[in-house]
Amino acid sequence: MATDHEAIAEGPQDPRRRDYLQIGAVAFAGVGVGVIALPLINQMNPSADVLAASSTEVDISAIQPGQAIKTTFRKQPLFVRNLTPKEIEEADAVPVSSLRDPQTLEQRTKAGKTNWLITLGVCTHLGCVPLGAGEGENKGPFGGYFCPCHGSAYDTAGRIRQGPAPTNLVVPDYEFTSDTVVTVG
């Protein structure tokens, strides 16, 4: 049995020991939560192959006026077309008010680079790949792109002119990193 003197002497020490144990337990639990949470949060970041596919650089130096190339961007076809002055005139001559999805060629291209039309090669109706970017392919009645699945026809600016497609071909985010290289995405 402890005397009053011993009880007074031990009284203040027990809460200190408990406080130390509580602080130690909370700190240990905090470090444990951090060690567990860090890999879980880190695994939600995009992997290296996804980051690599998030942007595409396209060398446009070999594309002559009137030619187009097909490439891929995020596993979708990408059309890069070098418009001729005649194709630009035809696109500018169309009254914007007559279009289903009204956009001018200038709105679909970069300032000072209106001859470069860059669109996703996916029809906005049901996702088919339109023709017109390859040599000798059917460009449709408006000289742009033609979707063989349901007959949607796009003009030289990639704007819907005929058929069931509701909107123009999608223009992805892109920028000219030099006169001959375009970075898409």
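T156 is found in the loop that runs between β6 (153-155) and β7 (160-162). In this predicted model, the residue has a relative accessibility of 2% and therefore counts as buried, the cut-off for that class being under 20% relative accessible area. Leaving aside residues up to four places away in sequence, T156 touches L83, E87, E90, A91, L117, F142, G143 and G144. With one of these residues, E87, there is also a polar approach, in that a polar atom of the T156 side chain lies 3.2 Å from the backbone oxygen of E87.

The cysteines were examined next. The count comes to 1 disulfide, which joins C128 to C149 with an S to S distance of 2.1 Å. The torsion about the S-S bond of C128 and C149 is about -110 degrees, so the disulfide is left-handed. Distant parts of the chain are linked by this pair, since C128 is placed in the loop between β4 (116-120) and β5 (143-146), whereas C149 belongs to the loop between β5 and β6, and the two cysteines are 21 residues apart. C149 is partly exposed, its relative accessible area being 41%.

Elsewhere in the chain, 3 strands form an open sheet in the order β1-β9-β8, with antiparallel pairing. Its edge strands are β1 (56-59) and β8 (174-176), each of which pairs on one side only. On average, and with direction ignored, neighbouring strands of this sheet are turned by 20 degrees against each other. Strand β8 is joined by 3 bridges to β9 (residues 181-184), the two strands running antiparallel, and E175 stands opposite T183 in β9. In general, the strands of a sheet pair through backbone hydrogen bonds, in either a parallel or an antiparallel manner.

Definitions and conventions:
Residues are numbered from 1 along each chain as its sequence is written. This is a predicted model: local features need pLDDT of at least 70, side-chain atom pairs count only at pLDDT 80 or more; totals for chains, interfaces and linings use all residues. Side-chain values use heavy atoms; hydrogens and water are left out. Two strands pair if DSSP finds at least two bridges between them. Helices (H or I, at least four residues) and strands (E, at least two) are DSSP runs, numbered from the N terminus. Axes are lines fitted to C-alpha atoms, for helices over the stretch in contact, and angles run from 0 to 180 degrees between N-to-C directions. Buried means under 20% relative accessible area, exposed over 50%, partly exposed in between (1.4 Å probe, protein chains only). A polar contact is a pair of N or O atoms within 3.5 Å; within protein, one must be able to donate a hydrogen and the other to accept it, and residues adjacent in sequence count only if both atoms are side-chain atoms. Contact means heavy atoms within 4.5 Å. A disulfide is a pair of cysteine sulfur atoms within 2.5 Å.
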